[in-house]
Amino acid sequence: MLLRPSVTDLRLIAHDLGRILAVVAAAGLLPLGWAIFRGEWSAAGWFLLMIGTAAVPAAAAEFLGWGARRQRVDWSHGLVVVALTWLVVPAVGTLPLWLSGHWGRWLDTFFDAMSGITTTGLSLVQDLDHLPESVNIWRHTLQFLGGQGIVLAALTFFSASGALSMYQAEGREERIFPSVISTARFIWLVSVIHGVVGVTALTVDGILVQGFEPVRSFFHAINVFMAAFDTGGFTPQSTSIAYYHSALYEGVLAVLMVAGAMSFGLHHALWNRRRGLLRNLEVRTILTTFGILLAVTIVGLGISGVFTHAPALTRRGLFQVLSAHTGTGFSTVSTTELSRWSGLAFVGITVAMALGGMSSSTAGGVKSLRIGLTVKAMADSIREALLPEGAVVPDTFQQYGVQRLTPRMAQSVMAVSLLYVGLYLLGAGVGYAYGYPLDQALFESVSASAAVGLSVGVTAPGMPILMELVMILQMWVGRLEFVAVFALLGFMASLAVGE
């Protein structure tokens, strides 16, 4: 920790933030280009303003040479940069949203920008179906940047001595290659390949099945792809995926959601045709939890009688559980209908959201690796208590090779898991205090904290400001998995003491 931050420390942090803002400015060219292409001239002006707002401090930081002494960038600098990134980028990204006039108050636009960059998918937009296309593109671009890791994007184009800390502070734990920069570029390569295949498939479906014109079909495809692969949950239409009424469309999205929820280490292993992946603890854990929660949800829906036909029950239940477990937040049922899911179905969806996808993926939640390690640590403790004194309990597990579950690792995993539970309960308590039913308040809290985006109607324009602030906090803290946030708080405390 930076116990006594100096002016040089602040300059180094500002320099890296400037480079990240340069990435934001470059990303703004996509919706700007679309606005010009579609003749949305007012929106083009909004994006020019946003690009300038991001580019000016980025150019100033580079011109003033604040990053000249790169050798001093350490772990603490990286953590602080990442935590600040997830506050600064939404603040800049709100400009086109606010100027569009589709949000009631500025805090609502910051909520949506935070929801986008954290790949949550909850939204307070009003009249989404008539939002300018370029603004919709920007909403989904934020999710793409957030899912890929906007710091990861900066690392792809800029070298930095604090790369490892910034990479891991974004919630990524594994390095596919010895170099973080090489790992970042591999992740972007995976994304581009999935993008080409996914957008092509969705565009073809839009033309042949939906009857869209080619440009409109491509517009929907590029937006939905960015939300699906980066497990974001935003959609161009207010009815989410139900708008498309296509089993093929849902099937393509299911593949993309699974790909987004997979760790990039697993992507690399599959590409290299490595065998024995089913022995990996994380793979076995997520397959087990998904199977159990799908069965629980299907049985719950059958008991409740929400669906009268088995095919509809299976199709809707499967898509919702997959969307929840991967942290995507897509839905093929309305918010009102989802709010009527009760009993086992409600439990299945809520727990699926809480658990989340795989580590080092675009998904949020506790993550399957932590769940698997927690269960193993508890099982090992029980076995040690039952076995004769002196008996040895193996403390190894399979995860791309034999790994050892050390006491320190077990404590860390359990601590983060408990922090997530605390975050879930915090939001549920605030929602319940405002008069929402406990089950709905818990559902919405888990959705925000685990960066999912499914909603039962609690998240809506005009919601209490305190509750909105708490949900923003949940999205920010949950996406960064606590460590970077704690580092920023410690850094700010150090500044205060230093003064």
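Predicted model: local features only at pLDDT ≥ 70, side-chain atom pairs only at ≥ 80, totals over all residues.
Most residues other than glycine have a negative phi. Here are two that go the other way.

His245 has a phi near 50°. This residue sits in the loop that runs between helix 10 (214–229) and helix 11 (247–261). Is His245 buried or exposed? Its relative accessibility is 69%, so His245 counts as exposed, the cut-off being over 50%.

Glu481 is the other case, with a positive phi of about 55°. The loop between helix 20 (465–480) and helix 21 (483–498) is where Glu481 is found. Glu481 has a relative accessible area of 8%, and because buried means under 20%, Glu481 is buried.

## A nonpolar patch on the surface

Leu189, Val192, Ile193, Val196, Val197, Leu270 and Trp271 make up a nonpolar surface patch, and together they have about 630 Å² of accessible area. Which helices each supply at least two residues of the patch? They are helix 9 (180–210) and helix 12 (264–271). Helix 9 gives the largest share, with 5 residues.

One of the patch members is Val196, which lies in helix 9. Val196 has 52% relative accessibility, so Val196 counts as exposed, given that the cut-off is over 50%.

Technical notes
Residues numbered from 1 in each chain as written. Heavy atoms only, no water. Helix = DSSP H or I, 4+ residues; strand = E, 2+ residues; numbered from the N terminus. Buried < 20%, exposed > 50% of the residue type's maximum accessible area, 1.4 Å probe, protein only. Patch = residues over 30% accessible without salt bridge, like charges linked within 9 Å, V, L, I, M, F, W, Y side chains within 5 Å. Areas by Shrake-Rupley, 256 points an atom, 1.4 Å probe, with all protein chains shown as cover. Salt bridge = Lys/Arg side-chain N within 4 Å of Asp/Glu carboxyl O.
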